[in-house]
Amino acid sequence: IFALRSSIIVVTTIPTPVRSCLGATSLDDTQSGFAAAETYCNDLMFSGHTAFHIILGSVWMASPMPILFQSLMVCYILGCTFVSVAVKDHYTMDVLVASYISIPLCLLRRTRMLALFE
């Protein structure tokens with residue numbers, strides 16, 4: 001999933017919604033990034049945070065955890081993706097593309113993940 005993400009980052013350049021990045025969509029507060037370091041952000045397609053959370057959730061769902069914990073993991077993933085869009089860390093399309101790519105790939109590998117916990 002992350003190898004695919006790397007190739008998409010190389011060919012996709014979109015302006016970032018993050019205000020602390022140089023070249024951001026807003027002209028305010030673009031001179032310094034985190035810890036006063038210059039930050040360039042054009043690699044937001046597709047969301048690595050969302051892909052990571054989906055992979056984590058897939059492994060968690062394949063584990064022999066009680067259904068309550070699995071349900072909490074689903075809520076956690078949905079909450080993380082909502083917050084990522086709500087705080088303008090990623091565009092909605094970044095999160096959706098990550099979901100559209102990560103979920104089917106994780107489902108294809110589900111039998112391997114289930115075998116890990118046998």
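Contact here means that heavy atoms lie within 4.5 Å. By that rule, Ile101 touches Leu4, Ile8 and Phe46, not counting residues up to four places away in sequence. The structure is a predicted model, in which local features need pLDDT of at least 70 and side-chain atom pairs count only at pLDDT 80 or more, while totals for chains, interfaces and linings use all residues. Residues are numbered from 1 along each chain as its sequence is written, and side-chain values use heavy atoms, with hydrogens and water left out.

The overall fold comes next. The chain has 5 helices and 0 strands; helices (H or I, at least four residues) and strands (E, at least two) are DSSP runs, numbered from the N terminus. Read from the N terminus on, the elements run α-α-α-α-α. Of the 118 residues, 33% count as buried, where buried means under 20% relative accessible area, exposed means over 50%, and partly exposed is in between (1.4 Å probe, protein chains only). Among contacts between residues at least 6 apart in sequence, 67% join residues at least 24 apart. Accessible areas come from the Shrake-Rupley method with a 1.4 Å probe, and for residues only the protein chains shown count as cover.

In soluble globular proteins, nonpolar side chains tend to be buried together. A nonpolar core is a set of buried Ala, Val, Leu, Ile, Met, Phe, Trp, Tyr and Cys residues joined through side-chain atoms within 4.5 Å. The largest one has 7 residues in all: Ile8, Ile14, Met45, Phe46, Ala51, Ala98 and Ile101. Apart from it lies another core, of 6 residues, among them Ile54, Ala62, Ile77 and Met113.

Helix α4 covers residues 92–108, which makes 17 residues. From its first C-alpha to its last, helix α4 reaches 25 Å, close to the 24 Å expected at 1.5 Å a residue; the expected span is 1.5 Å times one less than the number of residues. Its buried residues are Asp94, Val95, Ala98, Ser99, Ile101, Ser102 and Cys106. Tyr100 also belongs to helix α4, but counts as exposed because its relative accessible area is 60%. The C-alpha atoms of Tyr100 and Ala51 are separated by 9.6 Å, although the two are 49 residues apart along the chain. Leu107 is likewise in helix α4 and, at 57% relative accessibility, is exposed. Between the C-alpha atoms of Leu107 and Ile55, 52 residues apart along the chain, the separation is 9.9 Å.

Helix α2 (residues 48–62) holds Met61, and Gly57 is in helix α2 too. Gly57 has 2% relative accessibility, so it counts as buried. Leaving aside neighbours within four places in sequence, Gly57 is in contact with Met73 and Ile77. Met61, at 28% relative accessibility, is partly exposed. With the neighbours within four places in sequence again left aside, Met61 meets Gln70, Val74 and Arg110. A distance of 8.8 Å separates the C-alpha atoms of Met61 and Ser71, which are 10 residues apart along the chain.

Helix α3 spans residues 67–86 and includes Tyr76. This tyrosine, Tyr76, is partly exposed because its relative accessible area is 39%. On the surface, Tyr76 forms a nonpolar patch with Phe2, Phe52 and Leu56, and together the four have about 370 Å² of accessible area. Patches are made of residues with over 30% relative accessible area and no salt bridge, with like charges joined within 9 Å and nonpolar side chains (Val, Leu, Ile, Met, Phe, Trp, Tyr) within 5 Å. A salt bridge is a side-chain nitrogen of Lys or Arg within 4 Å of a carboxyl oxygen of Asp or Glu. Ser84 is in helix α3 as well, and counts as buried because its relative accessibility is 9%. Not counting residues up to four places away in sequence, Ser84 touches Asp89, His90 and Val95.
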